[in-house]
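Subject: Structure handed over, with notes

Hello,

Here is the structure you asked for. Please keep it open while you read the notes below.

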Amino acid sequence: MPKKEKLPPRKGASALRTLLRYAGGQKKGLAVAAVCAVLASGMEIVGPFLTGRAIDHIVGPGQVDYGAILGYLVALGVLYVFFSVFQYLVSYLSYACAHRMVRAIRADADDRLMKLPLSYYDRSASGDVISRFVNDATAIADGLVDGITQLLTGAVTILGTLGFMLYISPVVTLVVLLVTSITFFVARTVTRLSNKHFKAQQALTGELGGLVEEMVGGVRTVKAYSYEDRAADRFAEINGRLYTAGQKAQFASSLTNPTTRFVNYLAYIAVGVVGGAVSGLSAGSISSFIIYSNQFARPFNQLTAIVTQIMAAWAATIRVLELMETPPESPDGPEALEAASLTGRVRFAGVDFAYLPQRPLIGDFSLQVEPGMRVAIVGPTGAGKTTLVNLIMRFYDVDAGAILVDGVDAAGAPFRERDIREITRSSLRRRIGMVLQDTWLFGGTVRENIAYARPDATKEEVVAAAKAAHAHSFIKRLPQGYDTVLDTAGGSLSAGQRQLLTIARAMLSDPDILVLDEATSSIDTLTEQRVTRAFAKLARGRTSFVIAHRLSTIRDADLIIVMNEGHVVEQGNHRELLEKDGFYARLYQSQFAAAE
């Protein structure tokens, strides 16, 4: 467990401030709900007193005061009508406040998610992030609103019933207090015991959600490798731990109810014996006392459920708080430049970078790329090829050295050799078109997916981009053509078709620099040749960085950078590198020697 999670005082204070902040946003609604809760509880407390007085007018056969009883019945009827109205308002306002709090929590969480650096997503399971975003937000609002409302109602009930019992008989009241006080100590012990289990339960819920998201998202791979049984075993293992944690939490919390009910029965006996035999209370007063003793103990009986909700909300708050407190992507400096365009000149000057400080990846990397050059980056897996793309896009910042570009700012003034850290991320990324090996489509039409970077693009522009990417023909065969709605998995599209859509998306964005990370890996050879020609046309006059494992796609590159273990081991064009008979030549021969 990370060290920061071992600081309960700081976490507790932060969680409390977080809860109060979201509750403060609904203070009017919660205040009205609190007033209604107080009124409803007060009316519920008055009822047993009137019931006892009505019973006292039933003295014996033929001695019943029907007029007085009728008056009490009318009063009780009016009382409980208003009680029902206020109880409804408490429920309605509480849930309304809860839903608004959920909306506010998720809006803040979504805002933070969009600002978090890529490194957060690299080290976090997406299912766990989704669980914090969905389940934990709901648990916070439900636990906070319902828990606080019940606590307030319980406090009013305890104080009100105590006042009426003292009015009827202080002696019997003392007996009831002595008997029912045991409930408080039982509930307090159970609360401490169940708290840790609820925290474990909430964390395991996120872990299970992460596994399910992983299995559902990769269901084709799961089935292709006959991984169903092992996936089921992993699910059963985590689900078993979740079951055990939930069972312990529920068992610990459920101890309160039977224990407190047993104490209640002792209180009833004490009221009957002391009230009737010792204090000489009337039948009506004893009846009122029995109801009041039950009402007095009820909040303690419900304490388990209340504490369960509050503890679940507390654990969820800490999990959401970890998300909220994760440092966002470093903001652009006040002097950051807004780039209107880039010339395509890029210079890596002594760049050092490591994802983990103890494991350097790129060391003292230098490279000069002139405008319009097509630069291919090749090398074995883990050599640092994709890392260069991450650095160019500023998904990560360099640890040492700098990446410098030329361009024109928003005012039309040219700039030269500007560190990309001195350019706003949004303007830098808008000028770079990126196509990844892993395709990503969102729930929307084909046209919307292609126009992702340019929502204002016309239909003609979208079609032109699709034709350039050789995607137009298969799009026209879809049920609704460009208006066909896709889900996040791309619907029934093949991997190659999904990749063609992302290529069309990049072409429509009309970037100054192209970054292609295995952009044609899922496309058949014939289509790859066509798309490669389309890219060559698009890249004319633009700088392009091409990461490729299939060396046939980069033979015509102006410059080939050969990387190994984070260092540039060779560079030159295809012919020059083959003549060197070095690392690149061995890579090339391993792919083409047999065919040639």
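Arg394 sits in the loop between helix H12 (385-392) and strand S4 (400-409). Helices (H or I, at least four residues) and strands (E, at least two) are DSSP runs, numbered from the N terminus. Arg394 is not a glycine, yet its phi is positive, about 60°. Most residues other than glycine have a negative phi. With a relative accessible area of 4%, Arg394 is buried. Here buried means under 20% relative accessible area, exposed means over 50%, and partly exposed lies in between (1.4 Å probe, protein chains only).

A word on the model and the conventions. This is a predicted model, in which local features need pLDDT of at least 70 and side-chain atom pairs count only at pLDDT 80 or more, while totals for chains, interfaces and linings use all residues. Residues are numbered from 1 along each chain as its sequence is written, and side-chain values use heavy atoms, with hydrogens and water left out.

Contact means heavy atoms within 4.5 Å. Neighbours within four places in sequence aside, Arg425 is in contact with Glu329, Ser330, Pro331, Asp332, Arg394 and Asp397. Arg425 belongs to helix H13 (residues 425-430), and at 7% relative accessibility Arg425 counts as buried.

Asp581 is another residue other than glycine with a positive phi, near 55°. Its place is the loop between helix H19 (574-580) and helix H20 (583-592). Is Asp581 buried or exposed? Asp581 is exposed, with a relative accessible area of 53%.

Now the whole protein. Its secondary structure comes to 20 helices and 12 strands. Of its 596 residues, 46% count as buried. Among contacts with a separation of 6 or more, 77% are accounted for by residues 24 or more positions apart.

Which residues does Ser14 contact, leaving aside its neighbours within four places in sequence? They are Leu321 and Glu325. Ser14 is part of helix H1 (residues 8-24) and counts as buried, at 6% relative accessibility.

Ala200 is found in helix H6 (residues 170-217). At 32% relative accessibility, Ala200 counts as partly exposed. Between Ala200 and Gly246 there are 8.3 Å in space, C-alpha to C-alpha, and 46 residues in sequence.

Next, helix packing. Two packed helices are described by the angle between their axes and the distance between the axes. Axes are lines fitted to C-alpha atoms, for helices over the stretch in contact, and angles run from 0 to 180 degrees between N-to-C directions. Angles under 35 degrees count as roughly parallel, over 145 as roughly antiparallel, 65 to 115 as roughly perpendicular and the rest as oblique. A crossing is left-handed if the near helix is turned anticlockwise from the far one by less than a right angle, and right-handed if clockwise.

For helix H2 (residues 27-56) and helix H3 (residues 66-115), the axes come within 8 Å and cross at roughly 155°. H2 and H3 are therefore roughly antiparallel to each other. Their crossing is left-handed. The residues of this contact divide into 25 nonpolar, five polar and two charged. In this grouping Ala, Val, Leu, Ile, Met, Phe, Trp, Tyr, Cys and Pro count as nonpolar, Asp, Glu, Lys and Arg as charged, and the others, Gly among them, as polar.

Helix H15 (residues 459-468) and helix H17 (residues 495-508) also have axes that come within 8 Å, crossing at roughly 125°. H15 and H17 are therefore oblique to each other, and the crossing is right-handed. Glu461, Val462, Ala465, Ala466 and Ala468 of H15 make the contact with Ala504, Met507 and Leu508 of H17. By type, these residues are seven nonpolar, no polar and one charged.

H17 itself is mostly covered, with 12 of its 14 residues buried. The buried residues include Gly496, Arg498, Ala504, Met507 and Leu508. The expected span of a helix is 1.5 Å times one less than its number of residues. The 14 residues of H17 should span 20 Å, and its end C-alpha atoms are 20 Å apart, which agrees. After H17 comes Asp510, with a positive phi near 50°.

Regards
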